[in-house]
Amino acid sequence: MGDEDWEAEIIKPHMSSYVPVFEKDRYSSGANGDTFNRTPASSSEMDDGPSRRDHFMRSGFASGRSMGNRDAGESNKRENTSTMGGFGVGKSFGNRGFSNNKFEEGDSSDFWRESNNDCEDNQTRSRGFSKRGDSEYEQDEGTQRTGGLFGSRRPALSGAGNGDTYQSRSGSGSGRGGYKGLNEEVVTGSGKNSWKSEAEGGESGDTQGPKVTYIPPPPPEDEDSIFAHYQTGINFDKYDTILVEVSGHDAPPAILNFEEANLCQTLNNNIAKAGYTKLTPVQKYSIPIILAGRDLMACAQTGSGKTAAFLLPILAHMMRDGITASRFKELQEPECIIVAPTRELINQIYLEARKFSFGTCVRAVVIYGGTQLGHSIRQIVQGCNILCATPGRLMDIIGKEKIGLRQVKYLVLDEADRMLDMGFGPEMKKLISCPGMPSKEERQTLMFSATFPEEIQRLAGEFLKSNYLFVAVGQVGGACRDVQQTILQVGQYSKREKLVEILRNIGDERTMVFVETKKKADFIATFLCQEKISTTSIHGDREQREREQALGDFRCGKCPVLVATSVAARGLDIENVQHVINFDLPSTIDEYVHRIGRTGRCGNTGQAISFFDPDSDNHLAQPLVKVLSDAQQDVPAWLEEIAFSTYVPGFSGSSTRGNVFASVDTRKGKSTLNTAGFSSSQAPNPVDDESWD
Ligand SMILES: Nc1ncnc2c1ncn2[C@@H]1O[C@H](COP(=O)(O)OP(=O)(O)OP(=O)(O)O)[C@@H](O)[C@H]1O
């Protein structure tokens, strides 16, 4: 679609042109979902089959022969048998390590080799101190994949005998992955093309890839769904004992409860309906700071309520100052822009914004890649006070002149260290230098994350006023103590067996399994389905529709195992995730902290098991020992030995970039050291403000 067509798109009622390759219902196991039981079904393939189909269907590994032309009325058994056949004969995967429904260790090396041939996978597989964030390229691969690169992997997979399904996805693959990558969750070297790339390349369907037509389903409108929440856990009250540091000049005192925040009645009602009765530490400190109009960099453990910590005071300001009520306009000028690195995360933030702004005239809108650009525009032109966006889509929309920046008063970077690193940093710099964007002196800039490496803190200075405040709840970059961490020494070729053993012991509890590459995510998910463990997967090569479906199936418990790449490492808040398994350890310790933080949220407890392969993970031994001991976890003797033998002089923490783990505000000034239960005091500190401009 050319640029000029967008106007027509908005005015015309729109029908999604998306036609699923396989309709889910055709393969559904029935309403009761029994067939997704993790326990191996003793009786029949009828029972375990659909779960396999479920993954095959979504991962695109379904044999076109066995599934593509099937009559909807056919029995589960028949589908199941053909799926088994298509997969089990080993034909489907050719020489890729599958035979007789098993991975073969020897052959599987082909798989690893194949992975290595993939440039993007190369990046993620390469380890070392210089490789920080490589695994995060899972979500960023597109830019590099654009053009031939992504295409080059296709024949390998389609040649794997998977038939039409993957082939057809391959066809859209450069559009799906490439499209996404063109504009979304992007790593750009120069960033030269990226900010208009979606409009110019992705969506417009020119050489860069086909038009993306996916329109996400609207979120439920009923109040119960909007305010649905899970319970805080037994350790919620222990948050009060966590040490909090506030650094910077003239920090306002912390508040102890919601009443002290003096929010308007509607907001208070929404907070109550959301089930919030008590503030978390990051909220106690951040809310008054933001209400006082200060810029903020806040670092608090995973799952401790950072989202509400920025949303509530921003909404309070908006309510207090008054905002332009939503109305149809070709150019919308939001007061607040929130950016986050992944689509699923920004959608989650949007849902929180919608919840807390319920019953007000503030309208939140979410836009992200992998969805139809026209749909994003239609959402925006109806009115937009808070714009939640992934960076690529945001820049595209700005390029389309649907968003003006002059009214921006609040700019929020969630997962800020990720937003500022070499992946998204260039996009963010472009954003703040866009025409119309108020300077940092004129807007309020807020950054949140559980990790904040020193060098990223320095980069952040460019975005923040020099007198910004820094809030550190607990150890910066520390793991959540509610997660019990176990590190097992497991070699590459024993991992699958160990994984199955653990999953069988776990039973039906929700488990996220992190792997290193997208391709491996598909292979492991398929393998688990084959082992009769209901599994789905999420990674950057899946279409957005599939990603959302996978997350939905995992959230509702239909598929209790979610195999994921780093695309799901940050921010996702899923009820009842009791286990995280690092099948592959990530290349950086920060990523480890985020991954295991998908469990043990909001005072609930969780477990994380990580497979440590001495052939590839030794560089993580030292930072792992630190993270484990900081979180008061048992440190295995063998890990300490490896850490000792790979000792890096001067190391004091957990970065794999050769730099020390940031443990404090890099400006070094500290004004407060307090527990979250007490109000903050302000002490002057020697901040060299100038060096931050
Ligand atoms: N004061 C509160 N009372 C009860 N529940 C809360 C409170 N604050 C946040 N929550 C809930 O805790 C969960 C985790 O919050 P949130 O996702 O904001 O954590 P986070 O700190 O951003 O985590 P991450 O670092 O993983 O992004 C959410 O379900 C949220 O609704």
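A residue is called buried when its relative accessible area is under 20%, exposed when over 50%, and partly exposed in between (1.4 Å probe, protein chains only). The structure is a predicted model, in which local features need pLDDT of at least 70, side-chain atom pairs count only at pLDDT 80 or more, and totals for chains, interfaces and linings use all residues. Residues are numbered from 1 along each chain as its sequence is written, and side-chain values use heavy atoms, with hydrogens and water left out.

Salt bridges were considered first. Side chains of opposite charge can pair when their charged atoms come close. With a salt bridge defined as a side-chain nitrogen of Lys or Arg within 4 Å of a carboxyl oxygen of Asp or Glu, a search of the whole structure gives 27. One of them joins Asp 240 to Lys 284, with an N to O distance of 2.8 Å. This pair links distant parts of the chain, 44 residues apart: Asp 240 is in the loop between α11 (223-226) and β3 (243-247), and Lys 284 is in helix α14 (residues 281-291). Helices (H or I, at least four residues) and strands (E, at least two) are DSSP runs, numbered from the N terminus. Lys 284 is buried, at a relative accessible area of 3%. Asp 240 and Lys 284 also belong to a network of salt bridges that includes Asp 237 and Lys 278.

A salt bridge of 3.1 Å, N to O, is formed by the side chains of Lys 465 and Asp 295. The two residues are 170 residues apart in distant parts of the chain, Lys 465 in the loop between α21 (454-460) and β10 (469-473) and Asp 295 in the loop between α14 and β4 (296-299). Both Lys 465 and Asp 295 are buried. Arg 570 and Asp 417 meet in a further salt bridge, at 2.9 Å from N to O. Here 153 residues separate Arg 570, in the loop between β14 (561-564) and β15 (577-582), from Asp 417, in helix α19 (residues 416-420). Arg 570 is buried at 4% relative accessibility, and Asp 417 is buried at 0%.

The UniProt record, an unreviewed entry, places the feature "domain: Helicase C-terminal" at residues 498-643; such annotations may be inferred rather than shown by experiment. Over residues 498-643 the chain is 40% helix and 18% strand, with the end C-alpha atoms 24 Å apart. Gly 552 lies in helix α24 (residues 544-555) and is partly exposed, at 31% relative accessibility. The C-alpha atoms of Gly 552 and Ile 574 are 9.9 Å apart, at a sequence separation of 22 residues.

Cysteines were examined next. With a disulfide taken as a pair of cysteine sulfur atoms within 2.5 Å, the count is zero. Cys 336 is in no disulfide, the nearest cysteine sulfur being that of Cys 388, 7.2 Å away. Cys 336 is buried, with a relative accessible area of 1%. The sulfur of Cys 556 is too far for a bond because the closest cysteine sulfur, in Cys 559, is 7.7 Å away. Cys 556 is exposed, at 54% relative accessible area.
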